[in-house]
Amino acid sequence: MGRNFTLNKLPRLRRLALAGLLLAGGGLVGCSPLRLLKPGQRLLDDVDIQGTEKADPERLAALVQQQPNSTFPLPKVTIYQFGRSFYNPERIAGKLADTQARYARQIAEAGTDSAQVGRLLRKREQKERRYQLALDKGNAIMRLGEPPVVYDSSLTAASVQQLSVYLKSKGFFRSSVTVTDTVPTRRFTPLRLLALQSPYTADSQRVTVTYHVQEGPAFHYSQLDDEVADSLVARRVRAARPQSLLRVGDQYDEEVIGAERGRLETLLKNQGYYDFRQQYITFEADTSFRPTTVRLRTLVADPARGEHKRYTLRHVDFVSDAGIVRFGRTRDTLVRDSVNYLAYRHRISPRALDRKLALRPNEPYSLLKTQRTQRQLSSLDMFRFTTITYRRVRGPEAPADSAQGLLDATVSAAPAKKFQETTEFGGTYVAQEVGPFGNVRLKIRNVFGGAEILEFGVRAGFEGQYDITGTQGSDQKALPHELTTQLGANVNLVLPRFLVPWRMGPRLGEYNPRTRINASYTYVNRPDYTRTNAEGTFDYIWQRSAFHQYVLTPIDLSIIRTANVSARFDSILQNLLIRNGSPLFRSFDNLFIPSINATSLYNSNDFNETRDARYLRLFAEVGGLSRGLFQKQPLLTDTRDLRKSDLKVYDFAKLTADYRRYYKLTSDSYLVYRLAGGAVAALTPTKLTTIGRDGSQSTSTSFLIPYDKYLFSGGSSSVRAWKPRRLGAGSFTQYKFDPKDPTQPLIIDGRRVRDYNLEQPGELLLEGNIEYRFPLYNFIKGAVFTDFGNVWTLRSDPRPGAQFRFNQFYRQFAVGSGFGFRFDLSFLIMRLDIATKVYDPAAPGSKWAIRNFSFREDQTAFNLGIGYPF
């Protein structure tokens, strides 16, 4: 039996939605960018490069001088056309003329009042600039989009030439490039279906450009030799031949040849050849010897007059108070290691500066040592700027041997302020609570005269936090939250050397060694508990290179004390411990955490993450190894008065790794991925005796880890669809307990209520992220991303699905996706990410949470932050 389908049979809302979709589809089809073309113009619709096998297709695509309009993430030509629909250049030009005339009258009326004239000129310039920008590039919406790309055959011909030059520069000497521009272009436009039209169109005003590449054979080096006119230079070049970037058998590549030219220049400058330049180096390529081979010769010519001169430093002067003038006085000079240290008053010890100075008299000039000295002096944070200048010694002072030269080096360092104060006031919006805060920091430079830095900091504020147990309230749509009071202080001393009881060798100065001593105190007051944390660290820090840093912390001590826990909160913690095995109870005990840790950090990116770069952070920590020497078991916990409880020590080991890769696709678009993992485990069991509030005693033995050393997943720099530290463990599903009776689950409408707000510590962490970043408008950037990860326990756990198992873990990865906006202000990057759950391994029933998409807090998370997530 057939069934007739009519629009009137659909529910009213669905009819409206379908009608709106049809109208939108028809509108989009009608808004063709072809309407913006002038007579005789054609739209560049697509560019394709065919025939590449060995050449880099991305590099070839970047050489094409005309690209079609961008369609990801939005069709920008459509945005441009929408803005143009209410763009009136005649009206803007009229406003510009009126503004110029009005300000001309006001300036004339101001007469000789130079201050008033200056203000009027600045205001006129600002308004003229805004109107001129609108005339040149359209209104703000048009600038968000792109004007239609009008096909230009001359640019296509230039692209063919660029492609040919590039291929030959990569060793494809017999390559050729041809081009075809196809009109009309047949396109598949699915949006036309919404307007009840055929999805296939053929527009005579659209052009598809296809570049046909024939690479031919790649040429490789069969022989490498050199011809250096200066015998001394030749000896140094040939001695460094093992470091050459050119190898027999490699493919000819002019980019590598250019890098080799730079390597040779740096090599010779590091060996005293102050005047040497790349212009003296040329390369001759001979392809006539054997088929598809290149004989490459490196030629190093002499200067037009004489030979290359090798320079030695005669004097080295260090002016530590450059820019300061004292009329009638001359600077005092102190000599250390043959270096003259000049200052009106030697506020910084020459001994401290000498450790950072790599230049010495009677040594050859070196570009490497010059750069190292500038870098190490900058790292002291004692100077506003440092410059190193060289003066050739000429005339009667010059040596008789013209092949040798002398240089006088002058290091000029302008001192920074001794005291630097930073005050911050603001507010945070966390857990749906607005909390004010204030920070005051004071930096004192050169506090003991040896280039030390002493910093003091005091902070106070209120910050919103979700209820740590997630059991307050019975409304599952609103997660419980509250304001907490946080007070803190810290003191930090940085020494520009290693503080050790023995003398360190001078070569250590190349690695910019520092010693950091830090002490901090934090006080947290919440309705459920009051907690303090005192911490002290002693760190050794050094740089292997500009991108690679090591930190060794032989002393890391923390004392955590819980002054008060409410009876209700204590009951909840005990219930979580008994029913779920949650270690949350142990975090509100009195703990002493001694540990040793080390960090290796490699980061080749910059602050704004604008490079094609890599990031790798490795961290290892071992704590509590000596507890058996001073602590006897069982340890006592008296819940009636936590201040009387023992100060407990747990032994543990922790290892984490974080790898990030930044691919620069275009000048301002990037593909970034991150992989992170870690494990933490107790080394030996701990026996505990607990005295309950009713006086009862119980003794248990467990493998315990300090709560702050556990691993967590979720949050703005992790799996963003889950709130911080709330993801996991494994596929375990956490349910709420009844606030009236915390020993029983909360039942609403005959079903248990899921708890999305309880912290989920784990002993094993695996997670990853992939993110595409692209420009939107001016300083506004966009991103689309997908995150995945989870935490597990390594030992048996009473929570079903929480323990890591090889045959199950890959099915327990949580997945979230979303998009974000970044406001790049150069000095600060503000971020908003909106992420929703796609796959939730802890969901009862169907794990595909995306089917229940909503903006509720248990499905979608909004993350505000400073800086990029990774």
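Tutor: Let us begin with a definition: a residue counts as buried under 20% relative accessible area, as exposed over 50%, and as partly exposed in between. Please also keep in mind that this is a predicted model.

Student: Is Ser 338 buried or exposed?

Tutor: Ser 338 is found in the loop that runs between strand E10 (332-336) and strand E11 (339-343). An exposed residue has over 50% relative accessible area. Because its relative accessible area is 53%, Ser 338 is exposed.

Student: What is the phi of Ser 338?

Tutor: Most residues other than glycine have a negative phi. Ser 338 is not a glycine, yet its phi is positive, at about 70°.

Student: Is Asn 446 buried or exposed?

Tutor: Asn 446 also has a positive phi, of about 55°, although it is not a glycine. Its place is the loop between strand E15 (433-445) and strand E16 (453-466). With a relative accessible area of 10%, Asn 446 is buried.

Student: How many helices and strands does the chain have, and what share of its residues is buried?

Tutor: The C-alpha atoms of the chain fill a box of roughly 100 × 90 × 80 Å along the principal axes. The secondary structure comprises 13 helices and 36 strands. Of the 870 residues, the share that counts as buried is 43%.

Student: Among contacts between residues at least 6 apart in sequence, what percentage joins residues at least 24 apart?

Tutor: A contact means heavy atoms within 4.5 Å. Among contacts in the chain between residues at least 6 apart, those joining residues at least 24 apart make up 66%.

Student: Which residues does Ala 358 contact beyond its neighbours within four places in sequence?

Tutor: Ala 358 lies in the loop between helix H10 (350-356) and helix H11 (367-379). It is buried, with a relative accessible area of 17%. Its C-alpha atom is separated by 9.2 Å from that of Gln 371, 13 residues apart along the chain. Leaving the neighbours within four places aside, the residues in contact with Ala 358 are Glu 363, Lys 369, Arg 372 and Thr 373.

Student: Where is the cis peptide bond that has an omega of about 5°?

Tutor: Most peptide bonds are trans. The bond, with omega about 5°, joins Gln 633 and Pro 634.

Student: What is the omega of the peptide bond from Gly 728 to Ala 729?

Tutor: Ala 729 is in the loop between strand E27 (697-702) and strand E28 (737-738). The bond from Gly 728 to Ala 729 is cis, with omega near -10°.

Student: Which residue meets Arg 129 in a salt bridge?

Tutor: The structure holds 44 salt bridges. In helix H5 (residues 114-137), Arg 129 and Glu 125 lie four residues apart, about one turn of the helix. Arg 129 is partly exposed at 48% relative accessibility, and Glu 125 is partly exposed at 44%. At 3.2 Å from N to O, the salt-bridge partner of Arg 129 is Glu 125.

Student: How many residues apart in sequence are the parts tied together by Arg 297 and Asp 225?

Tutor: The side chains of Arg 297 and Asp 225 meet in a salt bridge of 3.6 Å, N to O. Arg 297 lies in strand E8 (residues 293-300) and Asp 225 in strand E6 (residues 220-228), so the parts that this pair ties together are 72 residues apart in sequence.

Student: In the salt bridge of Arg 241 with Asp 226, how far apart are the closest N and O atoms?

Tutor: Arg 241 is partly exposed, with a relative accessible area of 42%, whereas Asp 226 is buried at 17%. Between the closest N and O atoms of this salt bridge, the distance is 2.3 Å.

Student: Which residues gather in a patch of positive charge on the surface?

Tutor: One member, Lys 418, is found in the loop between strand E13 (404-415) and strand E14 (419-430). Lys 418 is partly exposed, with a relative accessible area of 38%. The residues that gather in the patch are Arg 326, Arg 329, Arg 345, Arg 347 and Lys 418.

Notes:
Residues are numbered from 1 along each chain as its sequence is written. Side-chain values use heavy atoms; hydrogens and water are left out. Patches are made of residues with over 30% relative accessible area and no salt bridge: like charges are joined within 9 Å, nonpolar side chains (Val, Leu, Ile, Met, Phe, Trp, Tyr) within 5 Å. Accessible areas come from the Shrake-Rupley method with a 1.4 Å probe; for residues, only the protein chains shown count as cover. A salt bridge is a side-chain nitrogen of Lys or Arg within 4 Å of a carboxyl oxygen of Asp or Glu. Lys and Arg count as positive and Asp and Glu as negative; His and the chain ends are not counted. The place of a charge is taken as NZ of Lys, CZ of Arg, CG of Asp or CD of Glu. Helices (H or I, at least four residues) and strands (E, at least two) are DSSP runs, numbered from the N terminus. Buried means under 20% relative accessible area, exposed over 50%, partly exposed in between (1.4 Å probe, protein chains only).
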